[in-house]
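Thanks for coming. I will take one model today and walk through it piece by piece.

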Amino acid sequence: MTSTQAPPEVRRVATVDEAVALLAELGPDAAPLAGATWVMRAGLRGEPVARTGVALDRIAELRGIGGDGPVTVGAMTTHAALADRPAPPALAALRQAAAMSAFPQVRNVATVGGNLGARGFAEADLVPALLALDARVRLAAAGGRAETDLASWLAGRATRPAGELITGVELDAPAAQRSGYARLTVRGGGEYAIASVALAVELSDGVVTAARVALGSVEPVACRSPEAEEGLVGGPLDAGRARAAGAAAAAACRPREGLDAPGWYRTAVLPALFERAAARAAGAGRTEES
Ligand SMILES: Cc1cc2nc3c(=O)[nH]c(=O)nc-3n(C[C@H](O)[C@H](O)[C@H](O)COP(=O)(O)OP(=O)(O)OC[C@H]3O[C@@H](n4cnc5c(N)ncnc54)[C@H](O)[C@@H]3O)c2cc1C
């Protein structure tokens, strides 16, 4: 990718095939351009900007939420669209994460694909929610289409081939699943999260039979917490067990240092965030940030 302080040239395409063909032709000098809310601050972060942005906004295939059975969310679906649309309880964490992220002006244009594609962005809100919901990432490149689980995709994100396009994510929404999201900021809404927690549990007669937990903004990349997941299974989703799971997660992770918060603080707040996320998953909590 070529470094330049000038705005990128924007090339508009109408289909996924056109986008991947153009990205393949231009090589590392080009990159997908979605809502541009991350890209526009690249210069401030001292990051290079691709010379050409391949704008995805006219590609109808990349928009919308739907599907019978698995739910598909197009890569150009905005945070606002996710936040505004009622979600089944199984997928509530994604709706809550979208609603709590950023500001209305940003949420109106920021997209799922951009949240996943923003490298070096530990604070991304949709990523931990999608991890806890076991999302599969749909991809397109000049060589064809593919699908992979989000954890594997994140592990290799830094070395993904240039020209690869995220077309969307796919999520299962089992009837027995409940999910919730909680995040902490210093002053209130509109800021990046110091730490965030997404959890998805399967319940049978009030007992957690399976759990997936993801932490955002704590380590450099959002990650699952096997320790917390183990701690949640086998009992009710109550405040005490949620806090204990949060403590187990805190003890096991390696938090990042930052100007917004030291590493120890990111882990110290996890038990409280687990309690809030669990309350939201159980339907007892508020969906607004607190
Ligand atoms: C004031 C402000 C506040 C913010 N607050 C938050 C917040 O609280 N929480 C949060 O999560 N984010 C926040 N953000 C960051 C940003 O809005 C999100 O990360 C957003 O999801 C990025 O989406 P985008 O469509 O704007 O991506 P873009 O900026 O267009 O792209 C981001 C990266 O992803 C790549 N990309 C985009 N789409 C695709 C695709 N389909 N396939 C492959 N690569 C792709 C681009 O090439 C680029 O590298 C904030 C931004 C601003 C400006």
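**A buried methionine, then the ligand**

Met100 is buried, with a relative accessible area of 4%; buried means under 20% relative accessible area, exposed over 50%, and partly exposed in between, with a 1.4 Å probe and protein chains only. This is a predicted model, in which local features need pLDDT of at least 70 and side-chain atom pairs count only at pLDDT 80 or more, while totals for chains, interfaces and linings use all residues. Residues are numbered from 1 along each chain as its sequence is written, and side-chain values use heavy atoms, with hydrogens and water left out.

Met100 belongs to helix H3, residues 92-100. Helices (H or I, at least four residues) and strands (E, at least two) are DSSP runs, numbered from the N terminus. From Met100 to Ala182 there are 82 residues in sequence, but 8.6 Å in space, C-alpha to C-alpha.

Asp125 has a polar side-chain atom 2.7 Å from a nitrogen atom of the ligand. Ile166 places a backbone N or O atom 2.8 Å from a ligand nitrogen atom. Arg183 has a polar side-chain atom 3.1 Å from an oxygen atom of the ligand. On its own the ligand has 980 Å² of accessible area, and the protein covers 93% of that; such areas come from the Shrake-Rupley method with a 1.4 Å probe.

Next, the strands. Two strands pair if DSSP finds at least two bridges between them. An open sheet of five strands runs in the order S4-S5-S8-S6-S7, with antiparallel pairing. Its edge strands, S4 (65-66) and S7 (144-149), each pair on one side only. Within that sheet, S5 (residues 71-74) and S8 pair in the antiparallel sense over four bridges, and Thr72 stands opposite Glu170 in S8.

S9, residues 177-184, is mostly covered, with seven of its eight residues buried. S9 pairs with S10 (residues 195-204) in the antiparallel sense over eight bridges, where Gly180 stands opposite Leu199 in S10.

What about parallel pairing? S3 pairs in the parallel sense with S1 (residues 9-12) over four bridges, and S2 and S3 also pair in the parallel sense over four bridges. Gly53 in S3 stands opposite Val10 and is the bridge partner of Ala31. In S3 (residues 52-55), Thr52 and Val54 point one way, Gly53 and Ala55 the other, and all are buried.

Last, helix H11, residues 270-281. Its twelve residues reach 16 Å from first C-alpha to last, close to the 16 Å expected; the expected span is 1.5 Å times one less than the number of residues. Buried residues of H11 include Leu273, Phe274 and Arg280. After H11 comes Gly283, with a positive phi near 85°.

Terms used. A polar contact is a pair of N or O atoms within 3.5 Å; within protein, one must be able to donate a hydrogen and the other to accept it, and residues adjacent in sequence count only if both atoms are side-chain atoms.
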